[in-house]
Amino acid sequence: MTRYCKNDRVLEASVKLLESSTFELNEENDQATAVFMTREMAKNAGFSLADEVMVATAVSELATNILRYASSGSVRVTVIQRGDERTGIEILAEDKGRGIRDLKLAMQDNYSTAESLGLGLPSVERIMDEFEIESDFGQGTRIRARRWL
Amino acid sequence: MDSSEEYSVSGSVTNRCYIACINGELSSAQMGQLYDEIVRMAEKRELRGVIMDLNGLAVLDSAAFCVLRKISVALALMGLKSAWMGIKPAIASSLVDFGADVDDLCICLNIEDGVRLIGSEK
Ligand SMILES: Nc1ncnc2c1ncn2[C@@H]1O[C@H](COP(=O)(O)OP(=O)(O)OP(=O)(O)O)[C@@H](O)[C@H]1O
Ligand SMILES: [Mg+2]
């Protein structure tokens with residue numbers, strides 16, 4: 001398994017999970033549902049409109065990738081809290097698709113195997129405060145990312 | 001899947017400009033349909049250009065942006081102009097966040113402005 005973390009920092013383990021929804025992704029409409037529900041959750045957690053849209057955009061990117069490269073998988077969105085009471089949103093995107101051979105490469109701007117812009121993963125890394133991607137080539141991909149309020 | 005008619009784009013034609021209103025959270029498959037629809041429409045109606053009204057769009061991810069861009073490129077190859085309208089602040093900041101290249105896009109403020117831009121000489 002290979003792993004890449006934003007700023008070389010693994011996600012902090014000690015966070016409280018407050019509320020969580022899991023969205024199974026099998027077809028295009030599932031993505032729209034996940035994006036819509038994420039906006040609701042972010043709004044209720046106190047995120048501003050701009051932040052709410054950003055977190056939803058990150059979910060949209062990850063859901064697009066799952067449907068496009070792995071055909072199916074899931075996204076779990078959780079409202080979380082740190083020791084200092086700061087609230088955030090955590091996204092966990094998982095699939096059992098073909099995985100990613102070279103994570104460094106996949107995380108680069110403009111790298112795409114699908115003739116798309118290749119901006120999805122790098123933009124999720126930029127949008128989110130904490131970001132971690134793990135992949136077993138041939139086995140699947142797992143991404144966890146957090147944005148704090 | 002029977003979503004072939006579900007994607008929410010509605011359109012009207014003014015001054016040989018097709019105004020495509022794009023709403024909701026568009027998935028990439030729906031974006032593909034949008035592409036087909038707009039390009040087919042452009043050919044049929046002897047249009048001069050297309051205004052893409054994005055005001056109803058809740059979220060725009062990079063794959064969706066890529067499709068919108070491809071629509072603009074395809075239209076340009078057909079000799080048509082395109083203008084993007086109604087980019088909300090939140091969508092603008094996501095565009096900035098994913099470092100999208102927007103320099104060569106034609107952005108208009110409203111329909112009037114779009115019609116004028118599209119009608120003007122190249
Ligand atoms: N869940 C996944 N499973 C397998 N491969 C993936 C997955 N997500 C991303 N990839 C690989 O990583 C590459 C980069 O992904 P990224 O989202 O950054 O760009 P893209 O999807 O190609 O283009 P864009 O997101 O801009 O439309 C993809 O082209 C694909 O090869
Ligand atoms: Mg992508």
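Predicted model: local features only at pLDDT ≥ 70, side-chain atom pairs only at ≥ 80, totals over all residues.

Colleague: Let's take helix H1 (residues 28–44) of chain A and H2(A): how are they oriented to each other, roughly parallel or roughly antiparallel?

Modeller: Their axes sit 8 Å apart and pack at an angle of about 155 degrees. Angles over 145 count as roughly antiparallel. So H1(A) and H2(A) are roughly antiparallel.

Colleague: And which hand does the crossing of H1(A) and H2(A) have, left or right?

Modeller: On the H1(A) side you'll find Ala34(A), Val35(A) and Thr38(A) among the residues in contact, and they meet an H2(A) set including Val59(A), Ala63(A) and Leu67(A). By class, that contact has ten nonpolar, four polar and four charged residues. As for the hand, H1(A) and H2(A) cross right-handed.

Colleague: What about helix H2 (residues 49–70) of chain A against helix H4 (residues 120–127) of chain A: at roughly what angle do they cross?

Modeller: H2(A) has its axis within 9 Å of the H4(A) axis. The angle makes the two roughly antiparallel, so it has to be over 145 degrees. The value is roughly 150 degrees.

Colleague: Which residues of H4(A) make that contact with H2(A)?

Modeller: The crossing of H2(A) and H4(A) is left-handed. From H2(A) come Met54(A), Thr57(A), Ala58(A), Glu61(A), Leu62(A) and Asn65(A). The contact counts six nonpolar, four polar and one charged residues. The H4(A) residues are Gly120(A), Leu121(A), Ser123(A), Val124(A) and Ile127(A).

Colleague: How many charged residues are in the contact of H2(A) with H3(B)?

Modeller: It's a right-handed crossing. H2(A) brings Ala50(A), Val53(A), Met54(A) and Thr57(A), while H3(B) brings Ala90(B), Ser93(B), Ser94(B) and Asp97(B). Four of these residues are nonpolar and three are polar, and the charged count is one.

Colleague: How many salt bridges are there between chain A and chain B?

Modeller: There's contact to work with, as 25 residues of chain A touch 23 residues of chain B. The buried area is about 2000 Å², with 59% from carbon and sulfur atoms. Over all chains the salt bridge count is 15. Between chain A and chain B, though, the count is zero.

Colleague: Which residue does Arg76(A) form a salt bridge with?

Modeller: The closest N and O atoms of the pair are 3.3 Å apart, inside the 4 Å cut-off. Arg76(A) sits in strand E3 (residues 73–81) of chain A and its partner in strand E4 (residues 87–95) of chain A, so the pair ties together parts 14 residues apart in sequence. The partner is Glu90(A).

Colleague: Last one: how far apart in space are Tyr4(A) and Leu103(A), C-alpha to C-alpha?

Modeller: Tyr4(A) lies in strand E1 (residues 2–5) of chain A. Leaving out residues up to four places away in sequence, Tyr4(A) touches Leu103(A), Met107(A), Glu125(A), Phe131(A), Glu132(A) and Ile133(A). Tyr4(A) and Leu103(A) are 99 residues apart in sequence, yet their C-alpha separation is 6.6 Å.

Key
Residues numbered from 1 in each chain as written. Chains lettered and ligands numbered in written order. Heavy atoms only, no water. Axes fitted to C-alpha atoms, helices over the stretch in contact; angles between N-to-C directions. Helix = DSSP H or I, 4+ residues; strand = E, 2+ residues; numbered from the N terminus. Parallel < 35°, antiparallel > 145°, perpendicular 65-115°, else oblique. Left-handed = near helix turned anticlockwise from the far one by under 90°. Contact = heavy atoms within 4.5 Å. Nonpolar A, V, L, I, M, F, W, Y, C, P; charged D, E, K, R; others polar. Buried area = accessible area lost by both parts, 1.4 Å probe. Salt bridge = Lys/Arg side-chain N within 4 Å of Asp/Glu carboxyl O.
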